[in-house]
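The following paragraphs go through one structure, part by part. Please keep the sequence and the 3D view at hand while reading.

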Amino acid sequence: MDRRYYAAALVAAGTSLQLHDVVAARHWLDEAPVPHRGWEWRHLRRELDRSGLVVAAGGEPVTDLAASPDGRLIAVCAGQEVWLRDGRTGDVVAALAGHAKPTWNARFSPDGDRLASVSSDGTLRVWDIATRAEGLRIDDIGQGVAAVAWSPDGTELCTASWRREAGRGVHGVVDTWDAATGARRRHLEHGVKPIGA
């Protein structure tokens, strides 16, 4: 009976891994009877986590992360800050503070010299990577800014957000901004739902 349960647990763990459900896979591997655990159990256990680096986020939920184009830095959105970490060691290089509410998304410019971050506080901030200083700030983009992206040439930024207005309800907003001056270039409104990415 134990041998059949062991085999069933391994099949369930393997199937869960194929479905990218690591939590279920871990459950089934933990359920496998210890006396029968062999090479196949160890193999599936190793498949649970292929991370090259695991870093604690300091108690705040991580809402996003982005790698610089050269891979040397990782930007981690956690709480009201964006943490810059060394891409190889995971060590904290700098904390970019200024948002008044949780940060949701951060993206490096194509050349890696700047980082754009957005937050529930309705702002877009662009940070200079060399000095760690805020180089550009755009306020009141929306009631929540969920995502930011750079144009391939680094001259424009695009934000996805939402607004709630009397008589109109909630509508999604996409804005395009000049990355040097912060001037709005385009404003698009979509439907009745927030735009998340």
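Leaving aside its neighbours within four places in sequence, which residues is Glu 156 in contact with? They are Ala 149, Trp 150, Ser 151, Thr 176, Trp 177, Ala 179, Arg 185 and Arg 186, where contact means heavy atoms within 4.5 Å. The model is a predicted one, in which local features need pLDDT of at least 70 and side-chain atom pairs count only at pLDDT 80 or more, while totals for chains, interfaces and linings use all residues. Residues are numbered from 1 along each chain as its sequence is written, and side-chain values use heavy atoms, with hydrogens and water left out.

Glu 156 lies in strand S10, residues 156-165. Helices (H or I, at least four residues) and strands (E, at least two) are DSSP runs, numbered from the N terminus. Glu 156 counts as buried because its relative accessibility is 17%; buried means under 20% relative accessible area, exposed over 50%, and partly exposed in between (1.4 Å probe, protein chains only). The side chain of Glu 156 also makes a polar contact of 2.8 Å with the side chain of Arg 185. A polar contact is a pair of N or O atoms within 3.5 Å; within protein, one must be able to donate a hydrogen and the other to accept it, and residues adjacent in sequence count only if both atoms are side-chain atoms.

Salt bridges come next. Side chains of opposite charge can pair when their charged atoms come close. The criterion here is a side-chain nitrogen of Lys or Arg within 4 Å of a carboxyl oxygen of Asp or Glu, and a search of the whole structure finds 11 such salt bridges. One of them links Asp 121 to Arg 125, with the closest N and O atoms 3.9 Å apart. Asp 121 is partly exposed at 21% relative accessibility, whereas Arg 125 is buried at 3%. Another joins the side chains of Arg 137 and Asp 139 at 2.7 Å, N to O. Arg 137 is partly exposed, with a relative accessible area of 43%, and Asp 139 is partly exposed, with a relative accessible area of 43%.

Asp 140 forms a salt bridge with Arg 163, the closest N and O atoms lying 3.7 Å apart. Asp 140 is in the loop between strand S8 (134-138) and strand S9 (144-150) and Arg 163 is in strand S10, so this pair ties together parts that are 23 residues apart in sequence. Asp 140 is exposed, at 55% relative accessibility.

Strand S2 (residues 73-78) and strand S3 (residues 81-86) pair in the antiparallel sense over six bridges; two strands pair if DSSP finds at least two bridges between them. Val 76 stands opposite Trp 83 in S3. Two residues lie between the strands of this hairpin of S2 and S3, where Gly 79 takes a positive phi near 65°. S3 pairs in turn with strand S4 (residues 92-97), in the antiparallel sense over five bridges, and Leu 96 in S4 is the bridge partner of Val 82. The hairpin of S3 and S4 has five residues between the strands, and Gly 90 takes a positive phi near 85° there.

In helix H2 (residues 22-31), Ala 24, Ala 25 and Leu 29 are buried. They are on the same side of H2 because they cover an arc of only 135° around the axis, taken from the directions from the helix axis to the C-beta atoms. The cover over the buried residues of H2 includes helix H1 (2-18) and helix H3 (39-47).
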